[in-house]
Amino acid sequence: MVLFSQIVLVILTLLVPFVMTVSYTYIKDNGWRPVVFGILEMISTLVLVRLILPLIFIQSDWFVSLINNEALFNMVYSIVFALLLTLLNWVAFRFHLQNNFLSSKAVVFGFEQGFAYEALFVGFIGLSSLLSSASADIDPAQIGGLWYALGEAMCILVLFAGMGVQFGQAMEKKKYIQLGACALEVFLLLYIGSCWYTLWKLPRWILMACMTVAAILTAWWLKGKVDWSMLYKSEANEPQEDPEYLKELEEYEKERQARRAAKAKAEASASSQTSSSSSTPTGTASSHSAGSDSTANPAD
């Protein structure tokens, strides 16, 4: 049963997401963009927060005190992680994915971030345990922990996919408050997950139930936000922008053209009134001149 649980965990956390990723990049002409940048931003954030920043501040007294205070450390870690990930995601969408936006690509971007996170903390650990001799030493009573880890990994994939779409829409419509909401969601996910059964000593099944509900609600929300047919459709057959965004852009362009036409009409009307008013004295003077000439001719 232990071996079966490990095999299922490795298949669902590593093999299946990897096959989905490879299939997407093979079919989509620019499919590598959301895949590469999604994984890159997550890996970069993890390297910065878990390796580079600790190496920089390891000799500082305040950092040592922070490490010794687990509750405060979890909070600071979650805040820094959420802010850095949000910043790197902003850079990715602003400079690399802005001209290539579709909700289907945003969901892939978020999915790849979740894949990178759960693969590092669940999938590869399970694979290492499966390939090593230590798998035979696992207590059968701990099998439940493997299934909990698998369930949490699946929820992380869905939650990050939803956050990817939310982040992409916020960048597209320039709703920067929504970016703050994305950062808050990442913070809550990390902070609650790190404190739930190590500090708060709460039952793990309650956390699993909460994450499952959140994942189901996210999947339901994604159902109406993403054109799933675009995931595995050729790049040549898909629009280059979000259809809703194109509709809004078209309406905005029509309003701008209408304002320009009204302004040009008003200027033309004002110009015609000015020219007519200036031509009236000239016509009067001409008539007077013609009258004078006709009066002078008989006298001659």
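Trp-90 is partly exposed, because its relative accessibility of 30% lies between the limits of 20% and 50%. This residue belongs to a predicted model, in which the protein has nine helices and zero strands. Along the sequence the elements follow the pattern α-α-α-α-α-α-α-α-α. Of the 300 residues in the protein, 36% are buried. Among contacts between residues at least 6 apart in sequence, 83% join residues at least 24 apart.

**Aromatic pairs**

- A search of the whole structure gives 14 aromatic pairs.
- One of them joins Trp-90 to Phe-95 in an edge-to-face arrangement, with 6.0 Å from centre to centre and 85° between the planes.
- The pair counts as edge-to-face because the angle of 85° is over the limit of 60 degrees.
- Phe-95 has a relative accessible area of 56% and is therefore exposed, whereas Trp-90 is partly exposed at 30%.
- Arg-94 lies over the face of Phe-95, at 5.3 Å from the ring centre.

**The pair in helix α5**

- Tyr-117 and Phe-121 form a tilted aromatic pair, with centres 4.8 Å apart and planes at 45°.
- Both residues belong to helix α5, which covers residues 103-131, and because they are four residues apart, about one helical turn separates them.
- Tyr-117 is buried, with a relative accessibility of 15%, while Phe-121 is partly exposed at 30%.
- Tyr-117 and Phe-121 also belong to one aromatic cluster that includes Phe-73, Tyr-77, Phe-81 and Phe-160.

**The largest cavity**

- The structure contains two cavities of 30 Å³ or more, and the largest has a volume of about 80 Å³.
- Residues lining the largest cavity include Leu-85, Thr-86, Asn-89, Phe-109 and Gln-113.
- Phe-160, which is a member of the aromatic cluster, is also among the lining residues.
- Further lining residues include Met-163, Gly-164, Phe-167, Cys-182, Ala-183 and Val-186.
- Helices α4 (70-97), α5, α6 (143-172) and α7 (176-195) each supply at least two residues of this lining.
- Helix α6 gives the most, with four residues.
- By residue class, the lining comprises eight nonpolar, four polar and no charged residues.

**Asn-89, a lining residue**

- Asn-89 is placed in helix α4 and is one of the residues that line the largest cavity.
- With a relative accessible area of 6%, Asn-89 is buried, because this value is under 20%.
- Leaving aside residues up to four places away in sequence, Asn-89 touches Glu-41, Phe-109, Gln-113 and Phe-167.
- Phe-109, Gln-113 and Phe-167 are themselves among the residues that line the largest cavity.

**Val-226, a loop residue**

- Val-226 lies in the loop between α8 (204-223) and α9 (243-299).
- Although placed in a loop, Val-226 is buried, with a relative accessible area of 7%.
- Val-226 and Ser-103 are 123 residues apart along the chain, and their C-alpha atoms are separated by 5.3 Å.
- Not counting residues up to four places away in sequence, Val-226 touches Ser-103, Ser-104, Val-107 and Val-165.

Methods: Residues numbered from 1 in each chain as written. Predicted model: local features only at pLDDT ≥ 70, side-chain atom pairs only at ≥ 80, totals over all residues. Heavy atoms only, no water. Phe/Tyr/Trp six-rings, centres within 6.5 Å; stacked < 30°, edge-to-face > 60°. Buried < 20%, exposed > 50% of the residue type's maximum accessible area, 1.4 Å probe, protein only. Lys NZ or Arg CZ within 6 Å of the ring centre and 35° of its normal. 1 Å grid on protein atoms, 1.4 Å probe; cavity = no way out; pocket = protein on both sides within 12 Å on 5 of 7 lines; lining within 4 Å. Points joined across faces, edges and corners; volume = space filled by probe spheres on them. Nonpolar A, V, L, I, M, F, W, Y, C, P; charged D, E, K, R; others polar. Contact = heavy atoms within 4.5 Å.
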